[in-house]
Amino acid sequence: MNARILVADPKKCTGCGMCEIACSIKQTGMSSPARSRIRIIPWGDNMRYLPITCQQCEDAPCVAVCPKEALEHDHKLHRVAIDYKKCISCRMCVAVCPYGAMGFEADKGRIFKCDQCGGEPECIHWCAPGALTYVDTVADNLRRIRATARRMIPHKIV
Amino acid sequence: MTLKRKIALVDLDRHAITIQAIPGQWRSRFLGGRGIGDYLLWQYGAMHCDALSADNTIVVNAGLLGGTLAAPHAFGTILAKSPLTGFLTCSSLNGPFAAEMRWAGFDHVVIRGRSKKPVFLFITDGHIEIRDAEQLWGKTTRQAREAILQTLGDRETKTLQIGPAGENLVRFATVMVDRWISAGRTGLGAVLGSKNIKALACRGTGDLEVKFPERILELGPNLNADNPVDAIAHLAHENVLFSGKTIEAIQDLAIDAGMDVETALVMLQWACAMVEKGVIDRRHTRGLVLDQENTKSLKALAKNISLGNSLGRILGQGPLRVADKFGFDPMKWLPSEKSLFDIYSETETGGCSSNENISGAPTDFWQMPGAPGQVALEELCALICGCLGIACPPGIEGVSISTVFGNISELIRLNTGLVFDTNTLLTIAYRCHALERLFNCTVQSTYRKQHLSELHIDVPASFYRSVDLTGVEKLKKIRLSIDRHYRLKGWVQNKFFHKKVFGLLEIEDLWAVLRKK
């Protein structure tokens, strides 16, 4: 099975925040954007938004920095997973993540990150404009290649 | 819990803030949001006051389902006595402000009194601060928002601010939610301005527990059909004849100044017509050459309105007060009679919205003059949605009451665990509607004594006379429709209610308040 990735398209995102709430309800049973594994970042003065979540990096700084090897690659789902039995909540991973996609729940004393809901991300179901998709990397690449090809082929031939 | 939110009472005279819990009994009587807001306005508002005085009370509400998947960024409401109409105005706050209020722990913020110097309120997890806003005074809505975000150092903060129009008490000044979303076209911006409040800023990082999270996620996005973004971009300018370029320029200016775009455009067009007919001359315009084609002069006049300068000071009072100065005759040059209704009434949908209008008539009667029953249902549905902070379900025409309210009932149960059947919800909606009507009936007696004596809660003949030059037949039809609508709801013109209605209200505790006021 090819790897699947969570793709965010800022052109489609309306900043409605449904993904944040759905994520926090799925993960914690509560509506709380502060605990959401995906965050919507507004920028500019033009109603632009960018959903940010864990990129499940191959060369993940969080995995590299963890002193207890509590973070590891899950090759089946192509994600970085947390083993809470090993985690000591030192928050080194939170500090080192370049995306700021790892968080810490002070009341529970534990770190959190997007686990792609075990292969079925809840956020994409709630994204009405279709800004979030969970796609096969090969298929997604092909889609982009086709789109580029359409722009490159002279209009007359098409 | 979704129910464990607080009410904040902000007394600007004493710079004191009191925080109290929402009694469970209020939930069963008024649900939340607009419903409890109405009740709070009754408790703390001074209904016979001048709307721009320190005595007017403003209530900012988040609905019972705000911040849940039923309504993540849907509607809050803002309630006060309107400086334009003199009646209660309830305007929808689209955008994320209301949900943020809930995450900060508050469902209602009641603001009373007047601060001696400009301030803004900072609402954050469980507490509220009154902060100095001297540096913000005079700034446009966008500049003020940017300055607040920089001061607080958190760009996730949601804001609700006024512009120069609100500061200068223009009677159709709006409040802007975040950058683009305007609310309160009947002058709620001026009410905030009269209290020396430049803005409310809110940042919440708390939790809202939902009762049945698994079931809600199972149901998926079909749970609601709410698309908040659709409501943001609603700006219709069917009443004016300016070019697209002029409209765009005025719109930009009005958003920055924090005044209602539609009303500003109508006032400008009317001013052009009055100049053409010689009602307004160069003495009034201070040399400004007003012409429909002249974007520059129209922009200058729009700016004067927002700053309260020369002719702008008069136009900023709204058409009927302008008519007080120039006579009712020039009202025939208003773009249309509909434009007058549009200014003084507000609809539940759209960027600038509210419910009741000058006549207490159905909100959308222009569209549906022949279907008062449907309108009544839509009004009740809109009220319940206002209590919950969710968007009104689209296309309820032809759908049974039990279906509409059954779905709403299920949304409430899944998110809060509270169980309400259709009849109970209808009763709550009716109760809230009655509270608003009672408020308006009560202020009406004082209102008549003021200079806007032409206005009347039941759309009197005198009001028709002021506009009938452009459509007598149409207005008669509307009047008939209003009569049928009133009968359906149990309203009686010039009296509060039919006797049987009192039994339903369960607001005996307010009679004492009513007697005092």
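In which loop of chain A does A:T53 lie, and between which elements?

Modeller: Happy to! This is a predicted model, where local features need pLDDT of at least 70 and side-chain atom pairs count only at pLDDT 80 or more, while totals for chains, interfaces and linings use all residues. Residues are numbered from 1 along each chain as its sequence is written, chains are lettered from A and ligands numbered from 1 in the order written, and side-chain values use heavy atoms, leaving out hydrogens and water.

To your question: A:T53 sits in the loop that runs between strand 4 (48-52) and helix 2 (61-65) of chain A. Helices here are DSSP runs of H or I with at least four residues, and strands are E runs of at least two, numbered from the N terminus. With a relative accessible area of 6%, A:T53 is buried (under 20%; exposed is over 50% and partly exposed in between, with a 1.4 Å probe and protein chains only). A polar atom of the A:T53 side chain lies 3.0 Å from the backbone oxygen of A:R37. Leaving aside residues up to four places away in sequence, A:T53 touches A:L6, A:R37, A:I38, A:A101 and A:C114, where a contact means heavy atoms within 4.5 Å.

Of the 158 residues in chain A, 42% count as buried. Among the chain A contacts with a separation of 6 or more, 51% come from residues 24 or more positions apart.

Another loop of chain A, between strand 8 (110-112) and helix 4 (122-126), holds A:C117. Phi of A:C117 is near 50 degrees, a positive value in a residue other than glycine. Most residues other than glycine have a negative phi.

The structure holds eight cavities of 30 Å³ or more; a cavity is a set of points on a 1 Å grid over the protein atoms alone where a 1.4 Å probe fits but cannot get out, and lining residues have an atom within 4 Å of a point. The second largest cavity contains about 90 Å³, a volume being the space filled by probe spheres set on the points. It is lined by 14 residues, and the closest to its centre are A:C54, A:Q55, A:C57, A:C62 and A:C97. The lining comprises 11 nonpolar, two polar and one charged residues, where Ala, Val, Leu, Ile, Met, Phe, Trp, Tyr, Cys and Pro count as nonpolar, Asp, Glu, Lys and Arg as charged, and the others, Gly among them, as polar.

Finally, a word on aromatic rings. Over all chains there are three aromatic pairs (Phe, Tyr or six-membered Trp rings with centres within 6.5 Å; planes under 30 degrees apart are stacked, over 60 edge-to-face, the rest tilted). One of them, B:W26 with B:Y39, is edge-to-face, at 4.9 Å centre to centre and 70 degrees between the planes. B:W26 is in helix 1 (residues 24-30) of chain B and B:Y39 in helix 2 (residues 33-44), so this pair ties together parts 13 residues apart in sequence. Both B:W26 and B:Y39 are buried.

Note on methods:
On a 1 Å grid over the protein atoms alone, a cavity is a set of points where a 1.4 Å probe fits but cannot get out, and a pocket is an open set with protein on both sides within 12 Å along at least five of seven lines; lining residues have an atom within 4 Å of a point. A polar contact is a pair of N or O atoms within 3.5 Å; within protein, one must be able to donate a hydrogen and the other to accept it, and residues adjacent in sequence count only if both atoms are side-chain atoms.
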